[in-house]
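Work through the exercises below with the sequence and the model in view. Each task is followed by a worked solution.

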Amino acid sequence: MRAFDLIQDLHTDGTLRKLLRSGMISTKILLHRDIFQMYERELILNKSKPVAITETADKFGISESHCYLIIRKMECLVS
């Protein structure tokens, strides 16, 4: 399971909201989730990872290197 999938599962069952409200996790997690979702959509549309990263970075106003770091974090396997 990827980190993104875990975050989605927590969102689906309502646990993510509780963790955010309690301050146990940062709200940046939501931004990173949104960035990764946009990246995956762009990847399906463009079928090119560099183009998807560029488009996603432009839409969120972040650097491509920062976008790549977020994507790498969200693709990380968790157990």
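Contact means heavy atoms within 4.5 Å. The model is predicted: local features need pLDDT of at least 70, side-chain atom pairs count only at pLDDT 80 or more, and totals for chains, interfaces and linings use all residues. Residues are numbered from 1 along each chain as its sequence is written, and side-chain values use heavy atoms, with hydrogens and water left out.

**Exercise 1.** Identify the residues in contact with Phe 36, leaving aside neighbours within four places in sequence.

*Solution.* Phe 36 touches Arg 2, Phe 4, Ile 71, Met 74 and Glu 75.

**Exercise 2.** Describe the largest nonpolar core.

*Solution.* A nonpolar core is a set of buried Ala, Val, Leu, Ile, Met, Phe, Trp, Tyr and Cys residues joined through side-chain atoms within 4.5 Å; buried means under 20% relative accessible area, exposed over 50% (1.4 Å probe, protein chains only). The largest such core has 14 residues, and those with the most contacts inside it include Phe 36, Ile 53 and Ile 71. Two or more residues each come from α1 (3-12), α2 (15-22), α3 (28-46), α4 (49-60) and α5 (64-75). Helices are DSSP runs (H or I, at least four residues), numbered from the N terminus. The largest share, four residues, belongs to α5.

**Exercise 3.** Determine how α4 is oriented, using its buried and exposed residues.

*Solution.* First, Ala 52, Ile 53, Thr 56 and Ala 57 are buried in α4. Seen down the helix axis, the buried residues of α4 fall within an arc of 125° (taken from the directions from the axis to the C-beta atoms), so they line one face. Next, these buried residues pack against α3 and α5. Finally, the face turned away from the buried side carries the exposed Pro 50 and Asp 58.
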